[in-house]
Amino acid sequence: MRVKICGATRLDEVALLAKAGADFVGLWHGVPGGRTELSLSQLTTLAATKELQPILVTLLSRVDDLVPVVREAGIDWVQLHGYQQPGVVRALKAECPNTTVVKVLHIKAGECVERALIKAYQRAGVDVFLLDALAADGRIGSTAQTIDPAVAERIIELSELPVMLAGGLTASNSARFRSLIDHPRFFGIDVDSGARDEQGRIDGRRVAEIRNQWTVVESK
């Protein structure tokens, strides 16, 4: 099982995540108003890490905007966190064929907003799906809203690809998702708020606890 921690903004945070057992670090660029938004220069610096796998997390939806960022940053994992259509995935894969594309599927009121597009995303070249909950006001990302495990299981059954889970995940709620963790297409978890202390800073101790607790549940 992979563990991704989102929203690092400094090299020392990346090193902290690697030491705590994370596999991926999410780097925000093209997320207007995002509290951990990086400039292209900052993204490029952090994406050069060899300590764990960096993933660009973006709402950019125009390929002409997205491709130069991917190339300039030298990043080879991209998480399309907005409502980018399958055609964007197809065009990105054509321009950057070695890119691993993670496409977020948004869950609202127990339903997948992009359910009708899942097969089209697969044909377009998505490599991994990530399930994340929308806030009641429609806000995307870092909502700390958990997804009902039964809902997540229904969506994972519709996918032919590996699936990650996000949304309010912590060390203490891993057991709730036991059945999902056991699914052969379950790929891992994506955590933001659960990895931070009361001041909103990435907390290595919390990251290590998340890694340990979710691994314990996986191994049972």
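Student: In which handedness of crossing does helix 3 pass helix 4?

Tutor: This is a predicted model, and in it helix 3 passes helix 4 in a right-handed crossing.

Student: At what angle do helix 3 and helix 4 pack, and how far apart are their axes?

Tutor: The angle between helix 3 and helix 4 (residues 86-95) is about 40 degrees, and their axes lie 10 Å apart. That angle makes helix 3 oblique to helix 4.

Student: Which residues of helix 3 and helix 4 meet?

Tutor: From helix 3 come Val63, Leu66, Val67, Val70 and Arg71, and from helix 4 come Val88, Ala91, Leu92 and Glu95. By type, the residues of this contact divide into seven nonpolar, no polar and two charged.

Student: How does helix 1 pack with helix 8, in angle and in distance between axes?

Tutor: Helix 1 (residues 11-20) and helix 8 (residues 204-219) pack at about 35 degrees, with 8 Å between their axes. The crossing of helix 1 and helix 8 is right-handed. Leu16, Leu17 and Ala20 in helix 1 meet Gly204, Val207, Ala208 and Arg211 in helix 8. Five residues of that contact are nonpolar, one is polar and one is charged.

Student: How many residues has the largest nonpolar core, and which have the most contacts inside it?

Tutor: A nonpolar core is a set of buried residues joined through side-chain atoms within 4.5 Å. The largest one here has 63 residues, and Leu17, Leu66, Leu165, Phe186 and Trp214 have the most contacts inside it. Helix 3 (residues 63-73) gives the most to this core, with six residues. Apart from it lies another core, of ten residues, including Phe24, Val102, Val128 and Met164.

Student: Which residues does leucine 165 touch?

Tutor: Not counting residues up to four places away in sequence, leucine 165 touches Leu131, Ile147, Ala152, Phe177, Leu180, Phe186, Gly188, Ile189 and Asp190.

Student: Why does threonine 99 count as buried?

Tutor: A residue is buried when its relative accessible area is under 20%. Threonine 99 counts as buried because its relative accessibility is 4%. Threonine 99 lies in the loop between helix 4 and strand 5 (100-108). Leaving aside neighbours within four places in sequence, threonine 99 is in contact with Val70, Asp76, Val78, Lys93 and Asp127.

Student: Is alanine 109 buried or exposed?

Tutor: A residue is exposed when its relative accessible area is over 50%. Alanine 109 has a relative accessible area of 80%, so alanine 109 is exposed. Its place is in the loop between strand 5 and strand 6 (111-112).

Student: What is the phi of alanine 109 near?

Tutor: Most residues other than glycine have a negative phi. In alanine 109, phi is near 50 degrees, a positive value in a residue other than glycine.

Student: Where is glutamine 85 placed?

Tutor: Glutamine 85 is in the loop between strand 4 (77-80) and helix 4. With a relative accessible area of 42%, glutamine 85 is partly exposed. Glutamine 85 and leucine 117 are 32 residues apart along the chain, and their C-alpha atoms are separated by 8.4 Å. Leaving aside neighbours within four places in sequence, glutamine 85 is in contact with Leu117 and Tyr121.

Student: Where is serine 159 found?

Tutor: Serine 159 is in the loop between helix 6 (149-158) and strand 8 (163-166). Serine 159 is buried, with a relative accessible area of 4%. Not counting residues up to four places away in sequence, serine 159 touches Ile118, Gln122, Phe129 and Arg185.

Technical notes
Residues numbered from 1 in each chain as written. Predicted model: local features only at pLDDT ≥ 70, side-chain atom pairs only at ≥ 80, totals over all residues. Heavy atoms only, no water. Axes fitted to C-alpha atoms, helices over the stretch in contact; angles between N-to-C directions. Helix = DSSP H or I, 4+ residues; strand = E, 2+ residues; numbered from the N terminus. Left-handed = near helix turned anticlockwise from the far one by under 90°. Contact = heavy atoms within 4.5 Å. Nonpolar A, V, L, I, M, F, W, Y, C, P; charged D, E, K, R; others polar. Buried < 20%, exposed > 50% of the residue type's maximum accessible area, 1.4 Å probe, protein only. Parallel < 35°, antiparallel > 145°, perpendicular 65-115°, else oblique.
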